[in-house]
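Colleague: Please take a close look at one helix in this model for me. Then set it against the rest of the chain.

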Amino acid sequence: MKHLQERLRQIDKRGYKAYKSIQGTYKDRDFTLHIDYVQPDPFANPSRIRVEVPKKVAQYNKEWYDSPHRKIAFEDFITREISKEIKKEKKGRRGSGKSGLILIDSPGQEILNRTSAKVDDNKIEIRLSLGLPAKGRRIISSEAIKMLCTNIPNIVRSGVLKFNKDDLIKQLKLIDQQHAIREFLKENDYVSFIANNSILPRKSGISNRPLEGNNVIPFISPKSLEIEIPIPHSEPIKGMAIPKGVSLIVGGGYNGKSTVLKAIERGIYNHILGDGREYVITESSAFKIRAEDGRRVEKVNISPFISKLPFGKDTERFSSEDASGSTSQAANIMEALEVQSKLLLIDEDTSATNFMIRDGRMQELVAKDKEPITPFIDKVRQLYEDYGVSTILVIGGSGDYFDVADNIIMMDEYKPIDVTEKAKSISERLDNKRIKEGGGSFGDLSNRILSKHSFKPFKGRKKKVANKGLHTIIYGRDSIELSFVEQVIDSSQTNAIAYMIDYIASNLNDERTPINALIDKLYSEIDKNGLDVVSPYYGQHPGNLALPRKQELASAINRLRSLKVK
């Protein structure tokens with residue numbers, strides 16, 4: 001590191017661009033520092049560095065990363081430790097703009113596959129971003145030396161060499177248990193599990209941390225739905241299991257229906273110890289469906305739900321620049337099926353009413369030949385019987401769904417009660433004479449093929465591919481809005497989606513491969529070589545990416561306004 005210190009002293013008080021000269025690799029006793037990218041200006045995006053700690057120095061065990069789920073958990077743990085150490089370092093400005101900033105892509109409540117820390121048989125690599133110090137636009141060498149040669153080594157040594165191994169083992173044991181529950185659900189035809197004593201409510205609408213206090217009601221399964229799952233490192237765990245099929249969550253307002261669905265929705269991800277939802281586990285392909293007025297739809301087969309539109313508009317290849325609530329919800333379902341989602345999650349509150357139900361009285365008034373929409377109530381059972389796709393619905397206002405449900409769970413002051421038999425009895429006693437619509441089968445699913453002309457990443461002569469926070473991707477002149485794609489939970493996922501779209505565009509060599517196959521091919525490449533492969537900084541510093549699911553990637557592609565389907 002002496003060479004780095006000397007170089008920094010030589011450029012003291014020079015213009016900021018002189019920092020470019022420090023790019024390169026520097027050896028220290030315990031680690032190797034790579035300065036991959038130097039920002040051109042103190043107000044620009046931060047510089048990027050990597051710190052490699054050899055295995056013989058870090059002394060970590062093979063068993064800590066000997067399976068895919070353990071590797072993700074170990075890397076997540078290291079990232080959290082580095083994040084803690086960064087916060088301990090003295091804060092305060094070291095000059096203009098972003099001077100003095102030290103960042104790692106810090107995780108939240110979920111354990112995601114990130115690029116912030118990587119572990120292999122040779123080393124642990126930490127990827128950091130930092131703001132090199134300047135006064136105005138003049139270099140402050142003394143602060144840069146302190147930052148690169150003291151603060152960064154201290155952070156890395158504490159985070160990688162001195163962490164509490166007992167805490168790591170707890171996280172690894174937890175991820176083993178979560179993995180075991182996921183495998184059990186697959187093997188025994190369940191789509192979701194909520195362990196007894198889980199804490200489902202969150203602290204607030206803007207906080208993903210668990211609600212605390214004496215009024216918090218732990219989740220306890222109804223006995224009729226309770227199962228016991230064997231898990232490693234512990235006694236078997238008990239809780240409520242939701243079988244494959246059609247399940248309803250019912251109850252009065254403010255009794256916990258949507259809270260349970262939100263927990264199930266987030267159960268596609270593993271959570272950290274103390275989150276309250278550590279043992280809420282959901283089928284990994286589950287997708288939240290909602291109406292999305294105004295979204296663009298490109299040649300989606302929505303004919304199972306909508307047909308015979310006015311003016312002969314084709315619903316087998318339906319397109320719209322401004323879809324309605326019902327057509328957008330139909331498109332969202334069909335696009336989810338296109339990428340093999342096996343569980344749909346629907347909340348009545350965020351659905352189009354005319355898409356969900358047409359009651360007997362309305363059927364009497366408006367004849368079927370005057371109504372192009374076949375409501376979801378008439379397709380949800382067929383969807384399961386024809387394609388094995390289950391559905392969990394939050395329903396508060398339509399008892400007609402009792403007829404098509406396998407399981408009905410009522411939330412009463414945040415306590416779940418199995419009311420299946422009672423609801424079925426009510427259904428038989430109070431026949432509302434509703435007529436089933438939509439034919440004897442669900443209908444055909446389509447696999448669309450993308451046109452090469454869909455992707456236009458350039459804005460003028462400059463390529464523009466980036467995320468803008470959690471909900472927006474800038475792609476060339478287009479903006480992809482993901483506000484209603486509710487299972488994107490981290491802006492680093494959004495960042496990864498942007499690069500993944502561009503990776504697909506760059507490798508789209510023919511126009512014969514369906515969307516789902518293109519996505520599968522990309523994920524196979526990621527499984528083989530890591531998420532780094534989609535980064536424009538591949539081989540250097542792709543430290544701010546988190547892996548989204550195929551469903552969220554497909555959702556972003558489908559919302560690209562320049563999308564063209566052959």
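**Helix α6 and its setting**

Modeller: The buried residues of α6 are Lys257, Val260, Leu261, Ala263, Ile264, Glu265 and Arg266. Bear in mind that this is a predicted model. Helix α6 runs over residues 257–266, and seven of its 10 residues are buried, so the helix is mostly covered. An α-helix has 3.6 residues a turn, so residues three or four places apart point the same way.

Now the setting. Of the 566 residues of the protein, 56% count as buried. The secondary structure comes to 14 helices and 29 strands. The radius of gyration is 26 Å, close to the 24 Å of the globule rule for 566 residues, so the protein is as compact as a globular protein of that length. Its C-alpha trace spans about 85 × 60 × 35 Å along the principal axes.

Arginine 70 sits in helix α3, residues 68–88. It counts as buried because its relative accessibility is 13%, under the 20% cut-off.

Salt bridges come next. The structure holds 48 of them. One joins aspartate 490 to arginine 114, with the closest N and O atoms 2.5 Å apart. This pair links distant parts of the chain, 376 residues apart. Aspartate 490 lies in the loop between β29 and α12, and arginine 114 in the loop between β5 and β6. Both ends are covered: aspartate 490 is buried at 12% relative accessible area, and arginine 114 is buried at 4%.

Glutamate 321 and arginine 296 also meet in a salt bridge, at 3.0 Å from N to O. Glutamate 321 is in the loop between β20 and α7 and arginine 296 in the loop between β18 and β19, so the pair ties together parts 25 residues apart in sequence. Arginine 296 counts as buried, at 5% relative accessibility.

A further bridge joins lysine 550 and aspartate 520, with the closest N and O atoms 2.8 Å apart. Lysine 550 lies in helix α14 and aspartate 520 in helix α13, so the bridge ties together parts 30 residues apart in sequence. Here the ends are partly exposed: lysine 550 at 29%, aspartate 520 at 26%.

Last, the surface. Lys459, Lys462, Lys464 and Arg477 form a positive patch. Lysine 462 belongs to strand β26 and is exposed, with a relative accessible area of 60%.

Conventions. Residues are numbered from 1 along each chain as its sequence is written. This is a predicted model: local features need pLDDT of at least 70, side-chain atom pairs count only at pLDDT 80 or more; totals for chains, interfaces and linings use all residues. Side-chain values use heavy atoms; hydrogens and water are left out. Patches are made of residues with over 30% relative accessible area and no salt bridge: like charges are joined within 9 Å, nonpolar side chains (Val, Leu, Ile, Met, Phe, Trp, Tyr) within 5 Å. Accessible areas come from the Shrake-Rupley method with a 1.4 Å probe; for residues, only the protein chains shown count as cover. A salt bridge is a side-chain nitrogen of Lys or Arg within 4 Å of a carboxyl oxygen of Asp or Glu. Lys and Arg count as positive and Asp and Glu as negative; His and the chain ends are not counted. The place of a charge is taken as NZ of Lys, CZ of Arg, CG of Asp or CD of Glu. Helices (H or I, at least four residues) and strands (E, at least two) are DSSP runs, numbered from the N terminus. Buried means under 20% relative accessible area, exposed over 50%, partly exposed in between (1.4 Å probe, protein chains only). The radius of gyration is taken over C-alpha atoms; the globule rule is 2.2 Å times the number of residues to the power 0.38.
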